[in-house]
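Good morning, colleagues. May I ask you to look at the model on the screen while I take you through some parts of it.

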Amino acid sequence: MLMDNVRWNKRAYLCTTKSITTMNKRKIMLSLVMLPTAIMAQTLEECQQAAERNYPLIKQYGLIEKTTQLTVANIQKGWLPQVSASAQATYQSDVMSWPDQMKTMMTGMGTDMKGLTKDQYRVGIDVNQTLFDGGVISSQKAIARQQGKVQEAQTEVQLYNVRKRVNEMYFSLLMLDEQIVLNHDMQELLAGNERKLQAMVKSGTAAESDWQSVKAERLKVMQQATSLESQKRMLTMMLSTFCGIETNIIQKPLVKAENGELMSENHRPELRALDAQIGLLNAQEKALNAALMPKLGVFAQGYYGYPGLNMFEDMMSHKWSLNGIIGARLTWNIGALYTRKNDKAKLQLQRDLTESNREVFLFNNRMEQLQQSEEISRYKQLMNDDAEIIYLRAAVRKAAESKLSHGIIDVNDLLREINQENAARVQQSIHEIEMLKEIYDNKITTNN
């Protein structure tokens, strides 16, 4: 009954080392050191599955299933004998009586003809057993089951949106991880230049203010690291709470850019919800046909009271008696014909409305896919230039370090080149994470 895409078996994923095309030696060593720990990192798929299991809405699946089972069981009881008990007391303005001539004759023969009393009493039980209902009970059960499917499909649509929220937090965490690594690299770079300038100050080849400027810049970068770590802790706590598992370590999705191309097939739960709605309308149409069929059943009536079925005996004696009737009954109510045409027209209009909603959803979904595909292509083009930009910025920064040591430029020029190189590396990380996010958003858009 649960949606197809919610898989309950957690799969273990082995973490691989990061790409080393644009990383310096420090970043490579950091990745290798963290490798044993990262093996236990949560993947995006694991976080999504955990969030779906942890989200309170998941409980509605069991409630819907139980409700459907109870409803179908109650409808099935329509085949059981229907028993009703009744009691009545009446007073009539007139009752059946003997003709005066017969009453005079019977009195002359010594027989007292009392006649029926105007107050009458009855306590009885009626039993009706359906033998053939024309498919009414079967159609009611089909409608109840289909209504359950519609509710489950609607719940699945709401639950599917959980994936989008997980994506936002997950990729934001990945972005923070990348920025923290780059921040650490920036600190190391500034610390190296700080040591060089400190030595130059001692040798008298650099002013102390130059050393102080680099140190101040390094302290500012350390402050940024503190802010990034705080943001990461907050976002990690939010993701862990949302998923119901510890997400201290997450794993970058290993996806090729080609997988981000526009998907042709669409398996979104909204389409299954629309299919379930169409199924409900079909079941309701079958119920219209069942309403026109004749009904056959047997019945039994028994009561204790006065008067009974033997009217002549009751005219002579005012005693309560036991009475019973058994029989068969065939009924055919053709009143459903009066509204059948309009009822079928209403169902067809609802089908048309549902199909229109399907077309609107597919159109909007297609537009979303086109936008995501274009974004993926844009990030791929940007990333093609990122590596070269970083290479050039690194070369300029190294040249600036050499020029500073020879007194050609001042320390502010060096800091500017260092910041520009770091900005290029940050930009590369942003492009990479954003492209990955677009790829996985596209998977959510099509549910592939």
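Predicted model: local features only at pLDDT ≥ 70, side-chain atom pairs only at ≥ 80, totals over all residues.

Let me begin with the helix. α6 covers residues 208–243. With 36 residues, α6 reaches 52 Å from its first C-alpha to its last, close to the 52 Å expected at 1.5 Å a residue. G244 follows α6, and its phi is positive, near 80 degrees.

Is T247 buried or exposed? T247 counts as buried, because its relative accessibility is 0%, where the cut-off for that label is under 20%. Leaving aside residues up to four places away in sequence, T247 touches Q42, C47, T236, L239 and S240. With T236 there is also a polar approach: a polar atom of the T247 side chain lies 3.4 Å from the backbone oxygen of T236.

I turn now to the sheet. This is an open sheet of 4 strands in the order β1-β2-β3-β4, and the pairing is antiparallel. β1, residues 82–91, and β4, residues 321–331, stand at the edges with a single partner strand each, so one side of each has no neighbour in the sheet. From one strand to the next, the twist averages 20 degrees.

How many bridges join β3 to β4? There are 11 bridges between β4 and the antiparallel β3, which comprises residues 295–306. Across this pairing, G305 stands opposite S321 in β4.

Thank you for your attention.

Terms used. Residues numbered from 1 in each chain as written. Heavy atoms only, no water. Helix = DSSP H or I, 4+ residues; strand = E, 2+ residues; numbered from the N terminus. Buried < 20%, exposed > 50% of the residue type's maximum accessible area, 1.4 Å probe, protein only. Polar contact = N/O pair within 3.5 Å; in protein donor to acceptor, adjacent residues only side chain to side chain. Contact = heavy atoms within 4.5 Å. Expected span 1.5 Å × (residues − 1). Pairing = 2+ DSSP bridges. Axes fitted to C-alpha atoms, helices over the stretch in contact; angles between N-to-C directions.
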